[in-house]
Amino acid sequence: MIDNEEEKNANGGQLPNNADIFVQESGHTKEKRRKNINEGLGEIGRRKRLDNLYIAFAVVTMILIIACIIFATNFKISNIVGDSMMPTLNDGDSALICRFVGKIERGDIVTFIREDTDGRIKNIIKRVVGLPGDRVQILPNGEVMINGEMLEEDYLEFPVINDANSWDIVLKSSEYFVLGDNRDISYDSEDYGPIHRAQIKGIFVRVL
């Protein structure tokens, strides 16, 4: 064991080069160092929270972008012009249309393209009442029969017209018979016959 005081006296008041120097750390110094450590840890914690926020923001932004792309690819919003689909669709309504056309069911409301008498291509929206292979009959009073049975049409609000164009047709494999819900004014398959699958461009989803 080395006595620092004796070594100092023996060397003219100077400690030898190999003497151990012990510094007693005060309470103030400990507290300051502890404070610095805590501040450092706090800064690290804040940076991690900011990093997490940036990551979360980036993920949410990416999800929104993907959702917008999916929506734009598969859906569109169309404005309804005219009253031929009342009361289901009214003039001025905004309708959500699905561009993806899968299996078409009876009662579906579809959009399709059709060349007008003046050669212009028009976008039309009507309800499907006849499917490929169906026998469709339109009676003089406007009632619809499918494969020999009266078609139940709860969606109709207005009385069936009495001067309907009579039809008795068996639809081909790619043909659909479409009618407007407002039969008294609708210009549809009753007037120009069935439409083809290739003409159908969308299926009505809902009114916005």
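Predicted model: local features only at pLDDT ≥ 70, side-chain atom pairs only at ≥ 80, totals over all residues.
1. Is it buried or exposed? D188 is buried, yet it has no salt bridge. A salt bridge needs a side-chain nitrogen of Lys or Arg within 4 Å of a carboxyl oxygen of Asp or Glu, and the nearest side chain of opposite charge, K126, is 5.0 Å away.

2. What does the side chain of D188 reach instead? Another is the side chain of S186, through a polar contact of 2.7 Å. Setting aside neighbours within four places in sequence, D188 also has V178, L179 and G193 among its contacts.

3. Now look at strand β11 (residues 200-207). It runs antiparallel to β2 (residues 94-98), and four bridges join the two. Strand β3 (residues 109-115) pairs with β11 in the antiparallel sense too, over three bridges. Find I203 in β11: C98 stands opposite I203, and V110 has I203 as its bridge partner.

4. V110 also matters for the largest nonpolar core, which has 13 residues; V110, F112 and I200 touch the most other members. At least two residues of this core come from each of β3, β4 (121-130), β9 (175-179) and β11. A second, separate core has 10 residues, including V144, I146, L171 and L179.

Note on methods
Residues numbered from 1 in each chain as written. Heavy atoms only, no water. Pairing = 2+ DSSP bridges. Core = buried A, V, L, I, M, F, W, Y, C linked by side-chain atoms within 4.5 Å. Buried < 20%, exposed > 50% of the residue type's maximum accessible area, 1.4 Å probe, protein only. Lys, Arg positive; Asp, Glu negative; His and termini not counted. Polar contact = N/O pair within 3.5 Å; in protein donor to acceptor, adjacent residues only side chain to side chain. Contact = heavy atoms within 4.5 Å.
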